[in-house]
Amino acid sequence: MTGHRPHESSIQHERLARCEALLDGIPAPLAVLEASTLELIFTNRRFVELTPASARTVYDAFPGAEAEIRSAAREAIDGKINRALRLSLRSGQRTRVFEVVLRALGDERPACELVFAGVDVTEREQLREDLAHLVGELTSIFGVIPDAVRVFDRNGRVVRTNAQAVRDVGGSGPATLAEQVEYERPFTLNGIPVSTEYHPTSRALRGERVRSEMLRVHRDPDGERVIEVSANPLRDDMGDVRGAVTVERDVTDRLVLLRALEE
């Protein structure tokens, strides 16, 4: 006895139902659009949750972005790969931001249907704004610190300096630790020259924490000055040293006053 072969249309219907269930499970808004009118043919669950219930076209779903969507749709109909659009959508008490692409569905040109796919980047954009705000605050603090601050990469190159560090050396300043040592010609209070290898910054780049080390350095046009140097390694998430930060304070006048008091 032979089994009954299911009708081809029922197989296709079953496959379509599985496909729709799969798309509904994707946590990003997806839709299939009629190319000429941009009417919504199919939308997944996430698209429905985010957009107005009355939306019949993608313009209704993202009001205020008609010009950008229309331009991207024209390119997609011709098979072009357009850049991602950034669209905003009011959802509840907050505005959500999406990066959206439109692509032709199938190989027919001009395309009859388009695929709309979006990624919710609201949290990423908020983090970017928070980071920019934090960087702005830190930059302001960094600029007004009365001590000279330099940040070095793991190879001893200067990647950041504050205003006081620039004033100490004049001009743009040394680009590397080796150039700084060559310019300042540091030596200890006992008169022992300090090479690049034994400079507090080099030691910090090897993982050492240096605190309040006193050095005599040459500074144009002031001549010899006494500075107090502290250096700390900068580590990555794995604990490896990726750079160092050095703070220098000119204590020449303080030492002069201390000697005067002693006398």
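Guide: What follows takes a few labels and sets each against its definition.

Guide: This is a predicted model, in which local features need pLDDT of at least 70, side-chain atom pairs count only at pLDDT 80 or more, and totals for chains, interfaces and linings use all residues. Residues are numbered from 1 along each chain as its sequence is written, and side-chain values use heavy atoms, with hydrogens and water left out.

Visitor: Why is Arg96 counted as buried?

Guide: Buried means under 20% relative accessible area, exposed over 50%, and partly exposed in between, with a 1.4 Å probe and protein chains only; Arg96 has 12% relative accessibility, so it counts as buried. Arg96 lies in strand E4, residues 94–104, where helices (H or I, at least four residues) and strands (E, at least two) are DSSP runs numbered from the N terminus.

Visitor: What makes polar contacts of the pairs that the side chain of Arg96 forms with Asp120 and Glu123?

Guide: A polar contact is a pair of N or O atoms within 3.5 Å; within protein, one must be able to donate a hydrogen and the other to accept it, and residues adjacent in sequence count only if both atoms are side-chain atoms. The side chains of Arg96 and Asp120 meet at 2.6 Å, and those of Arg96 and Glu123 at 3.3 Å.

Visitor: Why is the pair of Phe62 and Phe116 called tilted, and what is the pair of Phe62 and Phe98 called?

Guide: Rings of Phe, Tyr and Trp (its six-membered ring) pair if their centres lie within 6.5 Å; planes under 30 degrees apart count as stacked, over 60 as edge-to-face and the rest as tilted. Phe62 and Phe98, at 6.0 Å centre to centre and 80° between the planes, are edge-to-face. This pair links distant parts of the chain, with Phe62 in the loop between H3 and H4 and Phe98 in strand E4, 36 residues apart. The ring centres of Phe62 and Phe116 are 5.5 Å apart and their planes stand at 35°, so that pair is tilted. Phe47, Phe62, Phe98 and Phe116 form one aromatic cluster.

Visitor: How do you know that the buried residues of H7 line one face of the helix?

Guide: In H7, residues 177–184, the buried residues are Leu177, Gln180, Val181 and Glu184. Seen down the axis, they fall within an arc of 100°, so they line one face of H7; the arc is that of the directions from the helix axis to the C-beta atoms.
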